[in-house]
Amino acid sequence: MTDEYLFISDCHLDSEKPAISANLIEFLRERAASARCLYILGDLFEVWLGDDDPAPAHGELIETLFNLSKNTHLYFLAGNRDFLLGDDLARRAGLEIIAEPVLLNLGHQGIVLLHGDLLCTDDHDYQTFRKTVRSPKWQTDFLQKPLIERQEIAIDLRSESIASKALKKMEIMDANRDAIVSCFEKHDVEVIIHGHTHRPGIHLYPHARTRYVLGDWNPEPSYLSWRGATGFVLQDPRV
Ligand code: LP5
Ligand code: MN
């Protein structure tokens, strides 16, 4: 066991893209097994419609996570695709569900963890939609619908989202600078770690602040590692 902390997001696991699942399973077995903690910062699944979905395509992954959880602490913070992941799946996969913003300290640095969508404050339509689907009442109602109905709604919603994104300027789907600065200030931290935008990178701000953006896994792994001896290292083929 090392003192390593690992951060990933946006795997978007999908039965139609088995290479991503294979890469993640290999990462969990080979890379994460010696880490102290693994933080999964949302959009682990392309879509998660409730823990009653048997999701056979994800069986091996869930078992791999559960085995890993015996030695490595696994945390899950919801994304906009898998915010319906609940306690049942968390138990089966050995995940501890955490709610954003999550604060932690590594070395002498204060850190805040987010999925990243909350920073996209210029995307007003999305933020309105998010408020609706994150309300407990909406989620209870939605989860009471038969799975087949939820799947149909999700297909419609994906089409709506794709159509609506085609009309949005790229900038409005990125993190807003004022939202970033106020996040650093509000939480009094030096580091923000998030995903969601699929624009991996390391961004520097005044007062020795840094924002690490995790990439998606389509199809190569993207992860951030922290160790006492090295600090943060972003491993992404595009950075
Ligand atoms: O996901 P991504 O990266 O492509 O786009 C996101 C935002 N879109 C979403 C929607 C998801 O893609 C849909 C799939 C999630 C299923 C989750 C399970 C719960 C089921 C819920 C069923 C109602 O998150 C996109 C952002 C983009 O990130 C960048 O940040 O722009 O936001 C949108 O496109 C949202 C639109 O702007 C507004 C959508 C209005 C929808 C209107 C209602 C549709 C009716 C469907 C039936 C209830
Ligand atoms: Mn996302």
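Start by selecting F232: with 13% relative accessibility, F232 counts as buried. Here buried means under 20% relative accessible area, exposed over 50%, and partly exposed in between, with a 1.4 Å probe and protein chains only. Before moving on, note that this is a predicted model, where local features need pLDDT of at least 70 and side-chain atom pairs count only at pLDDT 80 or more, while totals for chains, interfaces and linings use all residues. Residues are numbered from 1 along each chain as its sequence is written, chains are lettered from A and ligands numbered from 1 in the order in which they are written, and side-chain values use heavy atoms, leaving out hydrogens and water.

**Stop 1: aromatic rings**

Rings of Phe, Tyr and Trp (its six-membered ring) pair if their centres lie within 6.5 Å; planes under 30 degrees apart count as stacked, over 60 as edge-to-face and the rest as tilted. F7 sits in strand β1 and F232 in strand β11 (residues 231-235), so the pair ties together parts 225 residues apart in sequence. Strands (E, at least two residues) and helices (H or I, at least four) are DSSP runs, numbered from the N terminus. F7 is buried, at a relative accessible area of 0%.

Next, select Y5 and W226. Their rings form an edge-to-face pair, 5.9 Å centre to centre with 80 degrees between the planes. Y5 belongs to strand β1 (residues 5-8) and W226 to strand β10 (residues 223-227), so parts 221 residues apart in sequence are tied together. Both Y5 and W226 are buried. The count of aromatic pairs comes to 11.

**Stop 2: the manganese ion**

Select ligand 2. Which residues coordinate this manganese ion? They are D43 (OD), N80 (OD1), H115 (NE2) and H196 (ND1), at 2.1 to 2.3 Å. Donors are N, O and S atoms within 2.8 Å of the metal (3.2 Å for Na, K and Ca); water is not among the atoms, so sites may look incomplete. Along the chain, the donors follow the spacing D-x36-N-x34-H-x80-H. D43 is in the loop between β2 (37-40) and α2 (59-68), and H115 in the loop between β6 (109-113) and α4 (124-133), 72 residues apart. D43 and H115 are both buried.

**Stop 3: helix α4**

Colour α4 by burial. Its buried residues are Y126, Q127, R130 and V133. They cover an arc of only 130 degrees around the axis, which puts them on the same side of α4. The arc is that of the directions from the helix axis to the C-beta atoms. On the other side of α4, H124, D125, T128 and K131 are exposed.

**Stop 4: salt bridges**

The whole structure has 14 salt bridges. Each is a side-chain nitrogen of Lys or Arg within 4 Å of a carboxyl oxygen of Asp or Glu.

Select D52 and R150. Their closest N and O atoms are 2.7 Å apart. D52 lies in the loop between β2 and α2 and R150 in helix α6 (residues 147-166), 98 residues apart. Is each one buried or partly exposed? D52 is partly exposed at 46% relative accessibility, whereas R150 is buried at 1%.

Finish with D88, R91 and R92, which are linked in a network of salt bridges.
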